[in-house]
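Subject: Structure for your files

Hello,

Here is the structure I said I would pass on. My notes on it follow below.

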Amino acid sequence: MKNQVFMLVFTLLVFQPLLFAQSKGMVSIKGSRYIPLYGRDSTVVEVNNFEIDIYPVTNADYVNFVKKYPRWQKSKVIKLFADASYLSNWKSDLELKDSEKPDSPVTYISWFAAKDYCECQGKRLPTVDEWEYVAMSDETTKDARNKASYNQQILAWYEAPRSNENKIGQHQKNVWGVHDLHGLVWEWTLDFNSVLITGESRKDVDKDSNLFCGSAALNATDLMNYAAFMRYAIRGSLKAKYSMKNLGFRCVKDINDKINENL
Amino acid sequence: MKTYKYLFLMLFAIFALQSCNSNKKTNENIDLAYQCPMQCENGKTYREPGSCPICKMDLEPLTQISKNVLSDDISEESIFNLTSQWHTEEGNVIELKDLKGKTLVMVMIYTSCKAACPRLVSDIRNIEAVIPDEKLKNIQFVFVSIDPETDTSERLKAFAKENYMDEEQWTFLQGTKSGVREFANVLSVKYKEISPIDFSHSNIISVFNAQGELKYQQEGLGVDNAGTVASILDVTP
């Protein structure tokens, strides 16, 4: 008996530093340089170390949030920050419709709402570059983008209907220990409005120099990455007050306490 | 028994320490400036409210733009719901709602831009040139920098002088990175830093009425500005 207690104390002592190093429900991501589909002029971008939520924010999480911050309740949210479909799968200010599961990812969320949610937890939304950096891994490799299986899996999900109604955590976690970046919902990013494509193919080919200053500098690097193309195209077509059925979010946190500076 | 006590203490310590981890909120604490309404000290500003040492009148919070306040209520769609703080080219700190009461013509630029921004600026000047004088006093033209790190108050002031836009009706704003991102999203302006000194950005001129509601947007460079001018005249008394 005494021995067991001793063992327990011992293990706690060993793992104690880990508890402090990592926030609850998040994993650490070691930053690096990589080439995203749309980079800067040098095409390589640099991602600093950060922590990311293991799962997307769920309906249950969001219920707790609006209880604490009534300004984001369905009936109280102002039109500047959310369109009419905001939380349209909720039956009242604090209740989901009966058909919705508490542990499904929250959707019908605007960018303003997602941003404030993260800030209220002392976190922030991930940048496009950070999100893509974590999402380019599969179960075994940090950069799985040239594996056929990686692309097939994502595209198979893009074809599957109503995936936003599934529960979180059903897919295999990736090599970082993060679940559901692909397979459930699209996710908001902090600087989604940095994607300078209009969605109209003729305009984009023409690099609409009238609408966008300097757009000729921005070209795609990997024309085979069709799934990533779709993600960037969606980001390019979003407005911050849109709330969509298959668009949720998760939060990240800077490791060296530089909130807001890392955008 | 002693070991149990020890164990509980340990657990307690872990929880107590862990709980301090959450709920950190960043505060961008910028104070308003205060000034004597009689300008006794040639525009000297104070960090805190109080009274003027010369004429003893109460100091007033500084806003550069006169407020012809029409009504106190702002609607849900008004940009005055944004609470971010901005530095003007005169070095004052304001919120967007301090601009309430005038028609706002807003555009996002950055001063080191060599390509589209000079053309955007000239588009705005063309618009300003055709507005009759009696309307002009109820209009504020606001340039918001998408490069808040480079475009300080001083730099914006210099830019204003260079472009002969140093009069009352021109305002230049420097925000915070997150404030600028939020504001751009309200305007549906897209931008991306492509190198430390260069940005790509959409060329959009937005017209807001005196209550801060978006009325019209002109997209593109050198386009026909008749629609923009008409909408400005329409919302300006």
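pLDDT is the predictor's confidence in each residue, from 0 to 100, and two residues are in contact if their C-beta atoms, placed from the backbone, lie within 7 Å. Both terms are needed here, as this is a predicted model.

Chain A, confidence. Over residues 257–263 of chain A, pLDDT stays under 50, and the model has 15 contacts for them beyond four places in sequence. Residues 199–209 of chain A also stay under 50, with 13 such contacts. Helix H6 (residues 201–205) of chain A has the lowest confidence in the chain, at a mean of 39, while strand E4 (residues 50–53) of chain A has the highest, at 96. For chain A the mean pLDDT is 82, with 79% of its residues at 70 or more.

Chain B, overall. Chain B has six helices and 12 strands. It has 237 residues, of which 35% count as buried. Among its contacts with a separation of 6 or more, 63% are between residues 24 or more positions apart.

Chain B, around strand E8. Four of the five residues of strand E8 (residues 170–174) of chain B are buried. E8(B) runs parallel to strand E7 (residues 139–145) of chain B, to which four bridges join it; in this pairing B:Phe143 stands opposite B:Phe172. Strand E4 (residues 85–88) of chain B is antiparallel to E8(B) and joined to it by two bridges, with B:His87 opposite B:Gln174. Together with helix H4 (residues 153–162) of chain B, E7(B) and E8(B) make a right-handed β-α-β unit.

Regards

Technical notes: Residues numbered from 1 in each chain as written. Chains lettered and ligands numbered in written order. Predicted model: local features only at pLDDT ≥ 70, side-chain atom pairs only at ≥ 80, totals over all residues. Buried ≥ 20, exposed ≤ 12 C-beta atoms within 10 Å, placed from the backbone. Pairing = 2+ DSSP bridges. Right-handed = clockwise from strand over helix to strand, strands pointing away.
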